[in-house]
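Welcome, and please open your viewer.

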Amino acid sequence: MRQMIAMIVVVLAVLAPLSRAAVDPRTARELYDRVTPSIVVVQYTWDGERGRQELNTSGIVVSEDGLVMISMAATPPQMPDEQMKDFKIIIPGDDETEVTAQFVGRDERTGMSFVKSTESRKWTALKFDDVAVQVGDVVMSVGLLPKDAGYKTFLDESTVAANLRGPVPQTMVGGDGIGSVGAPVFNADGQAIGFVHYQGGTSQFLNNQRTSGTANNPKLFVPVRDFQISLSNPPVAGTPMKIPHIGVSQLAGLKKEVATYFGLKGQPAVQIGDVIPGFPAAKAGLKRNDIIVTLNGQALERGDEPDETPAIMTRKIQRMKPGDIVTFSVISAKDEPLREVKVTLEERPPGVNRAKRFFAEDLGFTSRDLVFVDTYSRRLPADTRGVVVDLIRPNSSAQSGKLQPEDLIVKLNQTSIEDVEQFKSQYETFRKDHPHEAVVLEVLRGVSTQVVRIEPPQ
């Protein structure tokens, strides 16, 4: 599907100059002048094990108290929260202004992140409208040029080429593309009707030296209906968002021949690959290989490919709340009648980005607390103790000692490890008392136990 989209984009780029409509220049200028005050730069420092790096991305002011929305690609979920520091909102212009800010949080339901000013000032917020566009409609966007171009806002115009189905609904444009990552998209009436997310060939950062001007302009944007929930119910600073889940994995959409076998021809459905013990689906009685046909009495949404149906269903569930009850119509075997299964949603366990970390700087590796995904993916008991090796610095003592990422450290110098806090305390005490002695780690690597000896730099 994605290869097909790429081919379509090439064709559209050739044909677009022959068919593009145009917005009246005065109308376009009025839109540009009205929207520019709402387009800002969000800057923060990524303070990681490999050093400090300043990152800048485009943001949109969405409330008069200084709440700014950015693409979550600029603050990816795998980036530890504690490593993102010194947030600022930069107001572009001849008198460039920096405003201190705080990171509010990520909204994984929509792929948006939010930053908020900590200073009181007058902000010009942009209002979004859930208005659909059709093939052939003219759309515009106001993007930001990179840092080396002075963060100048620019106006772009294109034509809607296709509305795509999938886990994330997207609209494709023709011609040279539209705006830049983080730009709002407008219809011919000047209503803000979409947002440009990161996509291949683009950059989500404005201070990337490899990014020049508007090269590799995005071809896709998401309509307001996909992120409206983030605007009406954004994250709250200091409170991680509670994302619900049902506790199943390895979901698959039914291929045509499988659907025909089960009497579900022409009907989108999802087959369960694994049910996680102790989680909502297991408690409700869902089983491996059960086929979900409806969600809350409604047929599942169809994607452009069968395998997109599970992601669409999962994303819909993620937009509910822990404690909500969902009803699935399920079939377990050929010629069996559908049965209803009610599942009470629970909060998804914390992810890697919220795990506590410790960097053993002299040996050059980072460890972190175990999270649910670690024990589940390794098929370990839920009460497993230890710390996971998250990062190994190149040419470090840890690398020379053959320590590997994803190793599970269970013992340090023959002492069992419970969590990162204990590992840090044990390690620092040992290093203080024995500055030149090797560290001996017992690690679980796959299904086997290994002993790793790491000599400190002399």
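A residue is called buried when its relative accessible area is under 20%, exposed when over 50%, and partly exposed in between (1.4 Å probe, protein chains only). The model is a predicted one, in which local features need pLDDT of at least 70 and side-chain atom pairs count only at pLDDT 80 or more, while totals for chains, interfaces and linings use all residues. Residues are numbered from 1 along each chain as its sequence is written, and side-chain values use heavy atoms, leaving out hydrogens and water.

Select residues 420–433, which form helix α9. Helices (H or I, at least four residues) and strands (E, at least two) are DSSP runs, numbered from the N terminus. Which residues of α9 are buried? They are Val-420, Phe-423, Tyr-427, Phe-430 and Arg-431. These residues lie on the same side of α9, because they cover an arc of only 105° around the axis (the arc of the directions from the helix axis to the C-beta atoms). An α-helix has 3.6 residues a turn, so residues three or four places apart point the same way.

Now show β23 (357–360), β24 (365–369), β25 (387–392), β26 (408–412) and β28 (439–445): the buried residues of α9 pack against these strands, where contact means heavy atoms within 4.5 Å. Turn to the face of α9 away from its buried side to find the exposed residues Lys-432 and Asp-433.

**Stop two: a first barrel**

Color β1-β2-β3-β6-β5-β4 in that order: six strands make a closed barrel with antiparallel pairing. Two strands pair if DSSP finds at least two bridges between them. Zoom in on strands β2 (residues 51–61) and β3 (residues 67–71), which run antiparallel and are joined by two bridges. Val-61 has Val-68 in β3 as its bridge partner.

**Stop three: another barrel**

Next, select β7-β8-β9-β12-β11-β10, the order in which six strands close into a barrel, again with antiparallel pairing. Strand β7 (residues 138–144) and strand β10 (residues 184–187) run antiparallel, with three bridges joining them. Within β10, Asn-187 stands opposite Val-139.

**Last stop: one valine**

Finally, pick Val-275 in strand β17 (residues 274–275). Is Val-275 buried or exposed? Val-275 is buried, with a relative accessible area of 14%. Leaving aside residues up to four places away in sequence, Val-275 touches several residues, among them Gly-247, Val-248 and Leu-286.

Notes
Expected span 1.5 Å × (residues − 1).
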